[in-house]
Amino acid sequence: MIVTTIRKPKFETVNLAKITAEKLGLNFVERKDFGIDALMKMYDAENILLAKKNALVIWTSEGILYFHPNTAHLRIKNLRQGEGDRLIEAAQIKAGDKILDCTLGLGSDAIVESFIVGNSGKVTALEINPALAEVVRFGMKNFVDDTPPVIEAMRRVKVVTANYADFLKSAADNSFDVVYFDPMFRHALNKSSGINPIRPVADHRPIDADSVREACRVARRLVVMKENSRSLEFARLGFKIAEGGKHSNISFGVIKS
């Protein structure tokens with residue numbers, strides 16, 4: 001991966017690109033008038049981290065990856081109107097809770113979790129890919145095109161670049177109320193084309209049993225996992241499928257700590 005900018009960038013954008021490249025240990029390349037495809041060939045890059053005006057995006061073989069509240073906006077709107085949310089219900093998240101989200105991805109679940117726990121709670125979200133973590137971390141801090149409740153929720157999320165297996169081993173007993181996993185599904189859902197750009201930079205390894213055991217030690221109440229409804233991962237790892245969503249292709253599994 002290399003870091004560059006849009007064409008004809010302002011000083012602030014160049015500075016953002018250089019600071020990000022240094023932080024991630026990547027090479028900064030001047031964009032000049034080269035196209036993205038040309039830069040990929042010139043530098044043998046599989047992905048390009050691109051600095052734009054007050055934003056970071058990643059160009060991948062599956063499309064452009066960028067931070068956006070995405071479904072979190074609608075889910076928070078529904079919650080404010082008194083409607084339910086399957087993750088919140090399955091994980092029994094409430095105001096003041098401390099949540100460890102082990103698989104940040106693009107951050108939609110973490111934002112919804114943060115909305116529920118509020119100022120008295122805490123959401124720590126882990127992402128193993130440093131570039132993806134930086135794109136989402138920067139977006140959480142700087143995205144402004146949304147409603148105050150969504151903005152406030154995303155600002156509270158603490159993004160940590162870490163392998164959840166290592167983080168869990170170092171965490172104290174009962175240090176979080178809920179530990180949450182949302183791994184890349186073993187069998188992708190064809191209709192999920194919106195998340196395709198994340199696939200080239202995502203961690204595709206299945207959750208291991210040791211990490212689940214550590215999560216049970218770290219979680220005071222529940223360990224929760226989201227997976228394809230047809231997945232055999234729930235049985236393999238000892239999760240009991242939560243009620244609700246009978247007509248959905250997504251299920252949540254829970255383990256009581």
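**Entry 1**

I started at V179, which stands opposite V223 in β10. This is a predicted model, where local features need pLDDT of at least 70, side-chain atom pairs count only at pLDDT 80 or more, and totals for chains, interfaces and linings use all residues. Residues are numbered from 1 along each chain as its sequence is written, and side-chain values use heavy atoms, with hydrogens and water left out.

I noted the strand rule: strands are DSSP runs of E with at least two residues, helices are runs of H or I with at least four, and both are numbered from the N terminus. Two strands pair if DSSP finds at least two bridges between them.

β9 and strand β10 (residues 219–228) run parallel, joined by five bridges. I then looked at strand β6 (residues 98–101), which is joined to β9 by three bridges, also in parallel. There, D101 stands opposite Y180 of β9.

How many residues of strand β9 are buried? Six of the six in 176–181 are, so the strand is largely enclosed by the rest of the structure. Buried means under 20% relative accessible area, exposed means over 50%, and partly exposed lies in between (1.4 Å probe, protein chains only).

**Entry 2**

I traced the strand order next. Seven strands form an open sheet, β8-β7-β6-β9-β10-β12-β11, with mixed pairing. β8 (158–161) and β11 (240–241) stand at the edges with a single partner strand each, so one side of each has no neighbour in the sheet.

I also checked β6 against strand β7 (residues 122–127): four bridges join them, and they run parallel. K98 has K122 as its bridge partner in β7.

**Entry 3: D109**

I looked up D109 in helix α5 (residues 108–117). D109 is buried, at 9% relative accessible area. Which residues does D109 touch? I found R75, L87, D101, Y180, D182 and K226, leaving out residues up to four places away in sequence. Contact here means heavy atoms within 4.5 Å. Two of these, D101 and Y180, are the residues that stand opposite each other in β6 and β9. I also took the spacing from D109 to H73: 36 residues in sequence, 11 Å in space, C-alpha to C-alpha.

**Entry 4: aromatic pairs**

I found two aromatic pairs in the structure. Rings of Phe, Tyr and Trp (its six-membered ring) pair if their centres lie within 6.5 Å; planes under 30 degrees apart count as stacked, over 60 as edge-to-face, and the rest as tilted.

F67 and F143 have ring centres 5.8 Å apart and planes at 80 degrees, so this pair is edge-to-face. F67 sits in the loop between β5 (63–66) and α3 (71–80), and F143 in the loop between α6 (130–142) and α7 (148–156), so the pair ties together parts 76 residues apart in sequence. Both F67 and F143 are buried.

Y164 and F181 have centres 5.3 Å apart and planes at 75 degrees, so they too are edge-to-face. Y164 lies in helix α8 (residues 164–170) and F181 in strand β9, 17 residues apart. Y164 counts as buried at 10% relative accessibility, and F181 counts as buried at 0%.

**Entry 5: surface**

I ended at M42 in helix α2 (residues 36–42). M42 is partly exposed, with a relative accessible area of 45%.
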